[in-house]
Amino acid sequence: MILTVTLNAALDITYRVPALRPHAAHRVTDVTERPGGKGLNVGRVLAALGHDVTVTGFAGGGTGRLIRERLTGVEDALVPVAGPSRRTVAVVDARTGDTTQLNEPGPLVGAAEWAEFLGVYGELVAGAEAVALCGSLPPGVPVGAYAGLVRTARAAGVPVLLDTGGEPLRRGVAARPDIIKPNSGELAELTGSHEPLKATQDARRRGARAVVASLGAEGLVAVADKGRWRAAPPARLRGNPTGAGDSASAGLLSALVEGLPWPARLSRAVALATATVLSPTAGDFDRTSYEELLGRVAVTTEVTAA
């Protein structure tokens with residue numbers, strides 16, 4: 001079983017409009033609603049790849065009820081909270097393919113609710129093959145929460161992937177997760193460097209065993225104990241990037257559990273991310289595209305890590 005943690009789960013709502021114009025009324029041509037938040041997205045892709053997945057985190061109020069009702073293919077171990085879970089709204093401009101995102105902050109988590117989650121998490125980690133810790137922290141959760149969750153997983157001998165940003169990432173890195181997967185902006189904020197290869201090496205020196213940075217349409221750059229690599233899709237493709245980074249995380253974690261070498265992990269991650277951009281439904285991946293892309297991802301070795 002792979003465990004994914006979404007402390008700030010959401011109901012993702014996607015509107016499609018012919019063209020998005022500021023200060024104008026819009027006629028929506030299509031609406032989709034689905035459980036979201038980075039960890040739930042990762043769990044959904046892992047399940048589609050054939051892995052047994054348990055999801056945990058928080059869900060509350062009417063929004064939380066909808067999230068739980070619409071979870072499919074995964075085991076639900078979400079912890080209830082008094083406050084309502086957040087919604088995220090994505091508006092997709094059909095003319096340009098661009099997406100505008102609006103993210104609510106999430107529910108206030110009380111001390112008793114946080115303590116209940118820690119108990120659930122500790123029990124689940126003991127039976128997990130790997131753990132993904134993903135996304136933002138809702139109000140009330142300690143800023144060092146991910147560092148503690150990383151340490152719990154490491155004490156149980158369970159590999160852990162951390163995908164977050166800001167101060168939670170800075171503190172989490174110091175707890176020595178097996179993989180961190182920031183985007184280029186989060187990596188620059190962590191290290192102060194805007195040069196991806198230099199920044200990934202710096203992030204690894206701060207404690208992460210491996211660093212995989214998302215570079216958007218350019219793919220991924222990674223550094224681990226055995227080398228550095230770049231992985232890029234065969235061409236720049238237009239589409240909706242919502243959930244592409246989460247698909248990449250799922251690719252990395254599934255390949256880790258399956259014991260694949262780093263180049264194969266990165267090929268899977270980039271192929272899944274690209275197939276997610278190409279999917280007509282935000283956050284899904286197009287399986288036909290994924291299978292076709294898998295053998296066409298270019299993985300190059302940059303330099304052997306010291």
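**Notes on the helices, sheet and cores of this model**

1. Helix H3 (111-125), strand S8 (130-134), strand S9 (160-163) and helix H5 (166-174) are among the elements that cover the buried residues of helix H4. Please keep in mind as you read on that this is a predicted model. The residues of H4 (residues 145-155) that are buried are Ala-145, Tyr-146, Ala-147, Leu-149, Val-150 and Ala-153. As a reminder on spacing, residues three or four places apart in an α-helix point the same way, because there are 3.6 residues a turn. If you follow the chain just past H4, you reach Gly-157, which has a positive phi of about 75 degrees.

2. Now to the sheet. Four strands form an open sheet in the order S3-S2-S6-S7, and their pairing is mixed. Strand S3 (30-36) and strand S7 (99-103) are the edge strands; each has a single partner strand, so one side of each has no neighbour in the sheet. From one strand to the next, the twist averages 15 degrees.

3. Helix H1 (residues 38-48) touches strand S2 (10-17) and S3, and its direction makes about 95 degrees with that of S3. Helix H2 (residues 61-69) touches S2, S3 and S6, and its direction makes about 85 degrees with that of S2.

4. A hairpin is also worth a look. Strand S12 (residues 220-224) and strand S13 (residues 227-232) are antiparallel partners over five bridges, and two residues join S12 to S13 in the hairpin. Within this pair, Val-223 has Arg-228 in S13 as its bridge partner.

5. Which residues touch the most other members of the largest nonpolar core? In this core of 46 residues, they are Leu-46, Ile-179, Val-212, Leu-252, Leu-253, Trp-262 and Leu-266. Helix H9 (residues 262-278) supplies the largest share of the core, nine residues. Nonpolar side chains tend to be buried together in soluble globular proteins.

6. Beyond its neighbours within four places in sequence, Leu-46 contacts Ile-2, Thr-4, His-51, Val-53, Ala-250, Leu-253 and Ser-254. Another core, of 42 residues, lies apart from the largest one; its members include Leu-162, Ala-175, Ile-180 and Ala-213.

How values were computed: Residues are numbered from 1 along each chain as its sequence is written. This is a predicted model: local features need pLDDT of at least 70, side-chain atom pairs count only at pLDDT 80 or more; totals for chains, interfaces and linings use all residues. Side-chain values use heavy atoms; hydrogens and water are left out. Buried means under 20% relative accessible area, exposed over 50%, partly exposed in between (1.4 Å probe, protein chains only). Contact means heavy atoms within 4.5 Å. A nonpolar core is a set of buried Ala, Val, Leu, Ile, Met, Phe, Trp, Tyr and Cys residues joined through side-chain atoms within 4.5 Å. Two strands pair if DSSP finds at least two bridges between them. Axes are lines fitted to C-alpha atoms, for helices over the stretch in contact, and angles run from 0 to 180 degrees between N-to-C directions.
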